Amino acid sequence: MTEISPRLGARVMALIDDLARHTDEPGRLTRLYLSPAHRATADAVLGLMRAAGLSARIDAAGTVVGRVEGREPGLPALVLGSHIDSVVDAGRYDGPLGVAAALVVAEELRGAALPFALEVVAFGDEENVRFPTSLSTSKAWAGQYRFEWLEGRDAAGLTLREALVTFGGDPDGIPALARRPEAVAGYLEVHIEQGPALEAAVQPVGVVSAIAGLTRARCTVTGEANHAGTVPMGMRRDALAAAAEMTLAVERLSEGMPGTVATVGALAVVPGAVNVIAGQVDFSLDVRSPVDPDRHGLFAAIQAECRAIAGRRGVGFTSETFMDNPAVGLDPGLQAALDRAARDLGFAPLRLPSGATHDAVAMAALGPSAMLFVRCRGGISHNPAESITLEDADAATRVLLGTVRDLAGL
Ligand code: HGY
Ligand code: MN
Ligand code: MN
Ligand code: MN
């Protein structure tokens, strides 16, 4: 393999480090959808897109999109990108790596007359952390937008609608964002693997075979708040003890179904006082599998077990599903193009599934989509310890560039 100076990787890492400055919480990286840090990052990406010669804007839902026409105006677009919102106390690569690599590819191809338009995109709300619903803004492009999402409230009680207006978005303009499938030639997303397989295989990149299906629900346990010192143990309707038993049931049932994962990630106790038996607990449920019947089967088993626990304990249990993404196969043609470009650079890319969901799920409803995973240290993600090497950032960016050239017949 010819030694290449990691020039592209250095540029990508510099862009990621620059975007990482924008956080809502000093001392750690938290950039929730429509927050001031999201706005600052979107403005920075807008400037970078324009500097790369793209005509760029921030759309009604907060997506930053830049476009350069192909050899004639109005051609379907090959879209490159990922998301710029993050989880709480996040790493800096989950999302921004894909946006930075896409920007660098657009910079490298400046002036090339391609047989398709080239678009760079920075989606928002992919992490679905701030609002209880999901308006991954890629879903707005895919026409999967649901009006009720706008009424979802964040921890401060602000609705998505209000936050979007403050951000400078336009709630009523979201339905019009739906793209026509014929306007999208394809979508390519570079993303950290968020798992250990590439490190174990000693490979910098891998081609994603499929993306696991995902069901998300908001669950509520309703007991009776009461005095912690006076109520005998056998006479309590303790919502937190019930929720704890349900959480362990989620773990036990998922362990019993190979290939599935299920997580209670967020839990809120009401009133949450040291001397009050919990009256209510709200918790999140996230169930995933590459096999849709398994995911649905596990979800149903968890619901039944929670209802049985609630019955035994004399508490109420409700569950509201707000996301149900099927497992997504990716485009064989684009996967092969990524594979070819990686092999041309001397790599032997793994094919590997994604347990994490991505914007590629929504984009796959619009057109051929594929993803390139990048090795990350220890497979760690959704954690400030998330890290990649400059050399791997360079490898991934060169694979993306080679793929676009291949698709353009250059
Ligand atoms: O939840 C996920 O898989 C992604 O990080 N949003
Ligand atoms: Mn991500
Ligand atoms: Mn993530
Ligand atoms: Mn008292």
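Which residues are exposed on the other side of helix 7?

**Before starting**

This is a predicted model, in which local features need pLDDT of at least 70 and side-chain atom pairs count only at pLDDT 80 or more, while totals for chains, interfaces and linings use all residues. Residues are numbered from 1 along each chain as its sequence is written, chains are lettered from A and ligands numbered from 1 in the order in which they are written, and side-chain values use heavy atoms, with hydrogens and water left out.

**Stop 1: helix 7**

Select residues 239-255, which form helix 7. Helices (H or I, at least four residues) and strands (E, at least two) are DSSP runs, numbered from the N terminus. The expected span is 1.5 Å times one less than the number of residues.

Next, colour Ala239, Ala242, Ala243, Met246, Ala249, Val250 and Ser254, the buried residues of helix 7. They cover an arc of only 120 degrees around the axis, which puts them on the same side of helix 7; the arc is that of the directions from the helix axis to the C-beta atoms. Buried means under 20% relative accessible area, exposed over 50%, and partly exposed in between (1.4 Å probe, protein chains only). On the other side of helix 7, Leu248 and Glu255 are exposed, which settles the opening question.

Now display what covers the buried residues of helix 7, including strand 7 (213-222), strand 12 (280-289) and helix 8 (292-313). Contact here means heavy atoms within 4.5 Å.

**Stop 2: helix 1**

Select residues 7-19, which form helix 1. Its buried residues are Leu8, Gly9, Val12, Met13, Leu15, Ile16 and Leu19. Seen down the axis of helix 1, these fall within an arc of 160 degrees, so they line one face of the helix. They pack against helix 2 (36-51), helix 3 (96-108) and helix 11 (390-408).

**Stop 3: the manganese ions**

Select the manganese ion that is ligand 2. Which residues coordinate the manganese ion (ligand 2)? They are His83 (NE2), Asp94 (OD) and His191 (NE2), at 2.1 to 2.2 Å. Donors are N, O and S atoms within 2.8 Å of the metal (3.2 Å for Na, K and Ca), and water is not among the atoms, so sites may look incomplete. Histidine 83 lies in strand 3 and histidine 191 in strand 5 (residues 184-192), 108 residues apart. Histidine 83 counts as buried at 0% relative accessibility, and histidine 191 is buried at 1%.

Move to the manganese ion (ligand 3), coordinated by Asp94 (OD), Glu127 (OE), Glu127 (OE) and His382 (NE2), at 2.1 to 2.8 Å. Aspartate 94 bridges the two manganese ions, ligand 3 and ligand 2, which lie 3.4 Å apart. At 5% relative accessibility, aspartate 94 counts as buried, whereas histidine 382, at 42%, counts as partly exposed.

**Stop 4: two cysteines**

Finally, select cysteine 219 and cysteine 306. Cysteine 219 is buried, with a relative accessible area of 0%, and cysteine 306 is buried at 2%.
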